[in-house]
Amino acid sequence: MTATEQHGAPAAFGPMRRKEDARFVRGRGSYVDDIVLPGMLHGAVLRSPHAHARITSIDTAAAEAHPKVKAVITGQTLAGLNLAWMPTLSNDTQAVLATDKVRFQGQEVAFVVAEDRYSARDALELIEVDYEALPAVVDARRALDADAPVIRDDVDGRTDNHIFDWETGAAARTEEVFRDAEVTVAEDILYPRVHPAPLETCGAVADFDKVTGKLTVWETTQAPHAHRTLYAIVAGLPEHKIRVISPDIGGGFGGKVGIYPGYVCAVVGSIVTGKPVKWVEDRSENLMSTAFARDFHMRGEVAASRDGRIRAVRVSVLADHGAFNGTAQPTKYPAGFFGVFTGSYDLEAADCKVTGVYTNKAPGGVAYACSFRITEAVYLVERMVDVLAYRLGMDPAELRMRNLLRPDQFPYSSQTGWVYDSGDYQRQLALAMELAGYQELRAEQRERRERGELMGIGVSFFTEAVGAGPRKHMDILGLGMADGADLQMHPTGKAVLRISVQTQGQGHETTFAQIVANELGIPADDVEVVHGDTDSTPFGLGTYGSRSTPVSGAATAVVARKVRERARIVASAMLEVSPDDLEWDGARWFVRGDPDQGKTIPEIAFAAHSSLELPDGVEGHLDAQTVYNPPSLTYPSGAYICVVEVDPGTGGVKLRRLVAVDDCGVRINPMIVEGQVHGGLADGVGMALMQVIAFDSDGNCLGGSFMDYLLPTAMECPSWELGETVTPSPHHPIGAKGVGESATVGSPPAVVNAVIDALRPYGVRHADMPLTPAQIWRTIQGRPFRTDLAIT
Amino acid sequence: MKVQLAVNGSEVSADVEDRLLLVHFLRDVAGLTATNVGCDTTSCGACTVLLDGESVKSCTVLAAQAGGHEVTTVEGLASDGEMHPVQRAFHTRHALQCGFCTPGMVMAIVSLLRGEPAPHRGAGTRRPGRQPVPLHGLPQHRRGRPRRSAGAGPRGEGPGSVRVIPSSFTYRRADSAAEALDLAAEYGEDAKYLAGGHSLLPLMKLRLAAPGVLIDLGGLRDLSYITDHGPHIAIGALTRHHDIEHSELLGSQLPLLAHAAGQVGDPQVRHRGTIGGSVAHADPASDLPAVLLALDATLVASGPGGGREIPVAEFFRGFFETALEPGELLTEIRVPKPAPGSRGWSFQKFTQRAIDWAIVGVAVQGGNVALGNMGPVPLRAAAVEAALAGGAPPAEAAMHAADGTSPGLDIRASSGYREHLARVLVSRALAQATSGS
Ligand SMILES: Cc1cc2nc3c(=O)[nH]c(=O)nc-3n(C[C@H](O)[C@H](O)[C@H](O)COP(=O)(O)OP(=O)(O)OC[C@H]3O[C@@H](n4cnc5c(N)ncnc54)[C@H](O)[C@@H]3O)c2cc1C
Ligand code: FES
């Protein structure tokens, strides 16, 4: 589709091969571990084998005597620099290297710097640490027991493991609705701890130049600018002397938002040795110590009428935040955007209470493509709707259809205060049902049930709130969640766009070039996108929470429009008319009423650098800058339908189909959008069926490698079936809503609902993820496991 | 030691540590950084390269093992800047996102399209970049510490502390069986044979094994064969799973073995792992030991005192323990051809993902029934066989499948679930074997 084919249609939007792929398919990407600097040393972290223990002594003498070791850093060394503890993204503190106690298995205890990576790891074995083991808090549901060991005794006066209580909605009103409701249902629902597990683990190369005083850090980070500011605050280094570079990143999924002790150690290592220091964690370190996700123990309740009108939803949540409260989320939202648990439905009332607790597990949280806890909220409400359908004996698709918000209700203010921008939910669900052949599937299911076969059909409908966010309400550690964009136009009409977000695989270099191309009527290939280097990009908070297109994409459109307006002024001088007499046709400024008289952006750009006498308002060049502070969030939605077969003998699940109809507003590059959905669907399948970070009673992590923490492969995934509806966001400059996490949010409930539906002949109403064969076998017998604990 | 190999058509040679992994040789010595490490446990395939044209995981091959061979990385795939058709397909079909594991995926698919007759799903399947090319690691949780994952261990092998690289050792390559035996005699208890390395190297990378000397058997091509001896078929101990899977002779005479070999791990594992290594390693969850039990195979070993034959029923002694004496070399596996009337077979491997180890495995040949992962050693299901011999219908006999077993519990399954699976799978296997004979 081009502009000339259809009036007003965006010229540069449409499937376009990704620019970045030309290097990636040739293996020419440059990731952190690919960085090699002259004289570079290698770091390795010694970690705690215990979940909870007091450190009685650390002896580093043998490690220091290793001929290739250059430095051994402990918590004591860091304490001397006032760096043993660092602030977390939730205004808590976290140990960089443990000084007093270790509080989770895999916690950082010491850092070795050596000449090569093998020696650094060898030297770890030479460090003697004596621990006095303490009882561990493993089960979040016991964390507040009176006799529970106090994990954070480093904080003065702390006598329990309580972090916060948070409430939203209206308790009294909700209680009223529940009291007079014809039907109520309740269910305990666990969204167990999972891990983003990007294929590239975390790592950093730190290079401190003693002469210039400049620190350069290459890092696996989704938020380079925020990291620079934090280094300045934490280490007391002047911010203008810090450069953070996020080169090609091998997947992030939220796991690369925070600052990890390893990064700080690499920086300290470089300062101490005067040499560049590289640190790259291995997969076990990644799974055991970097930001986990979920770990929400929820109790959901729904009040409804007998004919299937959903009236109110009430939730109470116990949130396991691990040993340090390090969740990455806007300050005022300790439970993220869980407030959207009211789902896509028009309710009379809603109420929610969340309590956060410390346990002896890795810190972090909220990571993993969750749009700040929306994953948990959607899972809760979509599971509860199925529980209600079960109770009412009603078809779950029909029940949803009856309760979905109608198009005329937008903008819609939810019972918890979220303002949904736009949507056409019934049409979206109807399309998914049509693509799936829903009625035929139900007919097939009836037939097969009669033959004793277990076939299940699962439906989920979700609305996300993404694009954080309006700086008035949203900040992380005081930094408002806005993003900048600079657009530079070369005399020949080629453009360089500098953005504050950066790709971890989402294709920014292509999508953002298309946005500029669309605004300026130039080919996307003529736009170079610069990102990931704090020395050459404007400030902004980075890529996570599906915020790049909603925030930075908007900044890009706005800055391109500024360039276009400057071009108008220059064009007016070229054409010797008033700017008001010029009209934009998608590729040119032309004289109103005389379409032959017009100038393209390249022509105007050259003129802006030429000897042409420039009118007021343009001093030269067309370059512009902007910062985009989103007026509100955007609300992508999705209707997903999953079909499974369960083997009643083994409990094995065969995923037969997954239909996903997403509405992310305007699609800039539909090919990239579909790729995002494909990846997210696979993620969701993994969480629904095979992934969990569980712990045994001593606090040993049971998911610490890819031998135990299973990622689905192509063999476990069906060929995805996608559809789309488009309801542009009314307040976004190009109507886009964001799609990076949609499928990860929407697919787990669809898959779980399908499996539970398959188990209906056994009277099963709920079982917790992951629905492994062992869990299904036990569920059939009416005694499902606690999936967050070791199997007994 | 000096290692020389041909990388993308150029000779690269360097003096390196004996323990250097091929992936680090490529990245740090040859400066070819396209090949990335994603998991460290042979699980993800991000590090896949071609070794003599076949896909292997370069994190689980020693640079020394690759010495004298040809290695191709994704950097060597495009000729004159022209993309290989697989690269082009990845580009045009948007089959990647972050690009980190893309080189491994591309190389795995290049190998698959060259080598395997019929890939189930190849380059044409659109899979965005996040999923690794399938494969799997060691069932670490079964290594005597059922409660612990690979992440946990006693002090010194603490979580994440050293699990990437083996501790130092001396590498020796044997050029003949006799030389292997001599080297074993020379180094004694401190030495271990290295065949495909796909059980031993993962253990060494976790530092759960730390032999001082590795005697590489990889050069013993004379121990890689499949020959017909009339009543039995002889298989050299160094024969790889891949060759067993694709052997026409085995496909027609011992289809159970050929089929089961094709179920081991993933293509990269099957390009390296050997039948001898699999048997000598004696992991009860392995596929081939149970199959060989069901087939009444005989194992041939040679040691300082000469050769001997060991019936497979006497071979597995305990968890990772066999009848082999220290230094004894497994040279051949002899498998009798099933008698007419016993030709029905079935292999039931229950896994969560296609590439995983069996949660429980069952091999049936005629009236012989063997179980994998139902105790510290692979077992014959004696009670089932007795019931069948006594005339019980298969479904009834299968109810005895867990009798006399002692399955462990781990993060995938409780003992009770394993017992249940054994009954279900034996019942299915018997039904299939009966219908097929
Ligand atoms: C990711 C992954 C997935 C796997 N999945 C499966 C699976 O699904 N099913 C399965 O059955 N297996 C699986 N395996 C194991 C694989 O089959 C191994 O290759 C095999 O078990 C060992 O063979 P190897 O040649 O690699 O032996 P090596 O690792 O070289 O050696 C293993 C042990 O045997 C000894 N040894 C080897 N050869 C001899 C010999 N000729 N004489 C005496 N001793 C010898 C060695 O000293 C060592 O102790 C998997 C392995 C990996 C890494
Ligand atoms: S790094 Fe994952 S298989 Fe080699």
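Trainee: In which handedness does α13(A) pass α14(A)?
Mentor: In this predicted model, helix α13 (residues 508-520) and helix α14 (residues 548-575) of chain A pack with their axes 9 Å apart. The angle between them is about 35 degrees. The crossing of α13(A) past α14(A) is right-handed.

Trainee: How many nonpolar, polar and charged residues make the contact of α13(A) with α14(A)?
Mentor: From α13(A) come residues including Phe512(A), Ile515(A) and Glu519(A). From α14(A) come others, among them Gly553(A), Ala557(A) and Arg561(A). By class, the contact has seven nonpolar, six polar and three charged residues.

Trainee: Which strands stand at the edges of the open sheet of five strands in chain A?
Mentor: The order of that sheet is β9-β17-β16-β15-β10 (chain A), and its pairing is mixed. A strand at the edge has a single partner, so one of its sides is left without a neighbour in the sheet. The edge strands are β9 (162-169) and β10 (183-191) of chain A.

Trainee: What angle does helix α9 of chain A make with β10(A)?
Mentor: Helix α9 (residues 374-392) of chain A lies across β10, β15 and β16 (310-320) of chain A. Its direction relative to β10(A) is about 140 degrees.

Trainee: Why is one side of β20 of chain A left without a neighbour in its sheet?
Mentor: The open sheet has four strands in the order β20-β30-β31-β32 (chain A). Both β20 (454-463) and β32 (721-724) of chain A stand at the edges of the sheet.

Trainee: Which residue of β30(A) stands opposite Ile457(A)?
Mentor: Ten bridges link β20(A) with β30 (residues 637-646) of chain A, and the two run antiparallel. The residue of β30(A) opposite Ile457(A) is Val643(A).

Trainee: Which element gives the most residues to the shell around ligand 1?
Mentor: The shell holds 35 residues, and Gly196(B) and His198(B) are among the closest. Elements that give two or more residues include β7 (191-194), α6 (200-205) and α11 (275-281) of chain B. The one that gives the most, with five residues, is α11(B).

Trainee: Between which domains of chain B does ligand 1 lie?
Mentor: The domain assignment of chain B gives domain 1 (2-141), domain 2 (170-221) and domain 3 (343-437). Two of these domains both give residues to the shell around ligand 1, so the ligand lies between them. They are domain 1 and domain 2 of chain B.

Trainee: In which loop is Pro411(A) found?
Mentor: Most peptide bonds are trans. The bond that joins Phe410(A) and Pro411(A) is cis, with omega about -10 degrees. Pro411(A) is in the loop between α10 (396-403) and β18 (412-413) of chain A.

Trainee: What is the phi of Asn82(A)?
Mentor: Most residues other than glycine have a negative phi. Asn82(A) lies in the loop between α3 (75-80) and β4 (85-87) of chain A. Although Asn82(A) is not a glycine, its phi is positive, at about 65 degrees.

Conventions:
Residues numbered from 1 in each chain as written. Chains lettered and ligands numbered in written order. Predicted model: local features only at pLDDT ≥ 70, side-chain atom pairs only at ≥ 80, totals over all residues. Pairing = 2+ DSSP bridges. Contact = placed C-beta atoms within 7 Å. Axes fitted to C-alpha atoms, helices over the stretch in contact; angles between N-to-C directions. Near = placed C-beta within 6 Å. Domains from an automatic or database assignment. Left-handed = near helix turned anticlockwise from the far one by under 90°. Nonpolar A, V, L, I, M, F, W, Y, C, P; charged D, E, K, R; others polar.
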